[in-house]
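Q: I am new to this structure and would like a close look at one part of it, the open sheet. Could you walk me through how the sheet is put together and what lies around it?

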Amino acid sequence: MDNMDLVQILDIIYQKLTKEVSSAYYNGNIDELLKKYELEEETVGHFHYNYSNSKIIVIGESRVNKSDLEYIAKKNGIAPKKIEFELDYEKLTNYNFEKFRYNMSYSDVLIGPTPHKVKGLDESASFLSMVREHPEDYPKIIELRDANELKITKQSFLNGLLETRLYNEI
C-alpha cells in the first residue's frame with residue numbers, strides 16, 4: 001500500500017463498495033447494509049424495493065378485463081407474473097391497504113377507483129390520502145385517471161404502466 005496514491009486506494013474502495021451495495025440492493029438486504037455503515041438517517045424518505053423480486057399491483061374497479069391489462073403489460077415488456085390485480089370493487093372494502101407500508105415486494109401501485117372506507121387507513125380518509133401524508137413509507141403510487149377522475153381504462157393503464165419504476169428499470 002505504500003506505493004499506491006490516494007486515487008488508486010479510493011478506486012479500489014469504490015469498486016468494492018459498489019459491488020456490495022448492488023448485491024444488497026438486488027437481494028433485498030439494503031436496509032442491513034445502510035445500518036452497517038450508519039446511513040439510515042441519510043436515506044429516510046427514500047422507499048426501497050427489490051427490483052428482481054418486486055411486482056406492480058393494480059387496485060381498483062376496472063372497466064377493462066384482467067386479460068386485456070395483462071396483454072398491454074406483456075406488449076410493453078412486463079411479464080404478467082410481475083403484476084397482481086385487485087379489480088373487484090366490493091372485495092376492496094375488506095382489503096388491508098396497510099400491507100403496502102414498508103413493503104419492498106411492490107415497486108409500484110397503480111390505483112383506480114376504490115372505496116373510501118377500507119381496512120388499514122389509520123386516521124386517513126382514503127388510501128390515497130394516507131399515502132400523500134407519508135409517501136416515503138410506500139411504493140410509488142400512480143393514479144390511473146381518465147380526464148379528471150380515477151378510472152382504469154386501457155389508456156390510463158398504459159399511461160400508468162409507463163410511469164412505473166419497474167417499467168423504467170427494464
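A: Happy to. Let's begin with the sheet itself: four strands make up an open sheet, in the order β2-β1-β3-β4, and their pairing is parallel. The edges are taken by β2 (83-86) and β4 (140-143); each has a single partner strand, so one side of each is left without a neighbour in the sheet. On average, neighbouring strands of this sheet are turned by 20° against each other, direction ignored. Please keep in mind that what you are looking at is a predicted model.

The chain has 170 residues, and 36% of them count as buried. Its secondary structure comes to six helices and six strands. Read from the N terminus on, the elements follow the pattern α-α-β-α-β-β-α-β-β-β-α-α. Among the contacts with a separation of 6 or more, 69% are between residues 24 or more positions apart. The accessible surface of the chain is about 10500 Å², and carbon and sulfur atoms account for 50% of that surface.

Now back to the sheet, and to strand β3. In the strand order, β3 sits between β1 and β4. Strand β3 is mostly covered, with six of its six residues buried. On one side, strand β1 (residues 55-59) is joined to β3 (residues 106-111) by five bridges, and the two strands run parallel. You can follow this pairing residue by residue: Val 58 stands opposite Leu 110 in β3, and Ile 59 has Ile 111 as its bridge partner in β3.

Ile 111 belongs to strand β3. Buried means a relative accessible area under 20%, and Ile 111 has 0%, so it counts as buried. What does Ile 111 touch, leaving aside its neighbours within four places in sequence? Its contacts are Ile 59, Phe 97, Phe 127, Leu 128, Ile 141, Ile 142, Glu 143, Leu 144 and Leu 150. Another pair shows how the chain comes back on itself: Ile 111 and Lys 151 lie 40 residues apart in sequence, yet their C-alpha atoms are 8.5 Å apart in space.

Thr 164 is found in the loop between α5 and α6 (165-169). With a relative accessibility of 0%, Thr 164 counts as buried. Apart from neighbours within four places in sequence, Thr 164 is in contact with Ile 56, Ile 78, Asp 108, Leu 110 and Ile 142. Leu 110 is the residue of β3 that stands opposite Val 58. The side chain of Thr 164 also reaches the backbone oxygen of Leu 161, at 2.7 Å.

Leu 161 leads us into helix α5 (residues 154-163), where Ser 156, Phe 157, Gly 160 and Leu 161 are buried. These four cover an arc of only 135° around the axis, which puts them on the same side of α5.

Helix α3 (residues 66-75) can be read in a similar way. Its buried residues are Leu 69, Ile 72 and Ala 73. They span an arc of only 100° around the axis, and this puts them on the same side of α3. Tyr 71, Lys 74 and Lys 75, on the other side of α3, are exposed. The cover over the buried residues of α3 includes β2 and α5, and β2 is one of the edge strands of the sheet. After α3 comes Gly 77, whose phi is positive, near 90°.

One last stop shows a contrast in setting. Ala 147 lies in the loop between β5 (145-146) and β6 (149-150). With a relative accessible area of 69%, Ala 147 is exposed. Ala 147 has a positive phi of about 65°, although it is not a glycine. Most residues other than glycine have a negative phi.

Technical notes. Residues numbered from 1 in each chain as written. Predicted model: local features only at pLDDT ≥ 70, side-chain atom pairs only at ≥ 80, totals over all residues. Heavy atoms only, no water. Buried < 20%, exposed > 50% of the residue type's maximum accessible area, 1.4 Å probe, protein only. Arc of directions from axis to C-beta. Pairing = 2+ DSSP bridges. Axes fitted to C-alpha atoms, helices over the stretch in contact; angles between N-to-C directions. Contact = heavy atoms within 4.5 Å. Areas by Shrake-Rupley, 256 points an atom, 1.4 Å probe, with all protein chains shown as cover. Polar contact = N/O pair within 3.5 Å; in protein donor to acceptor, adjacent residues only side chain to side chain.
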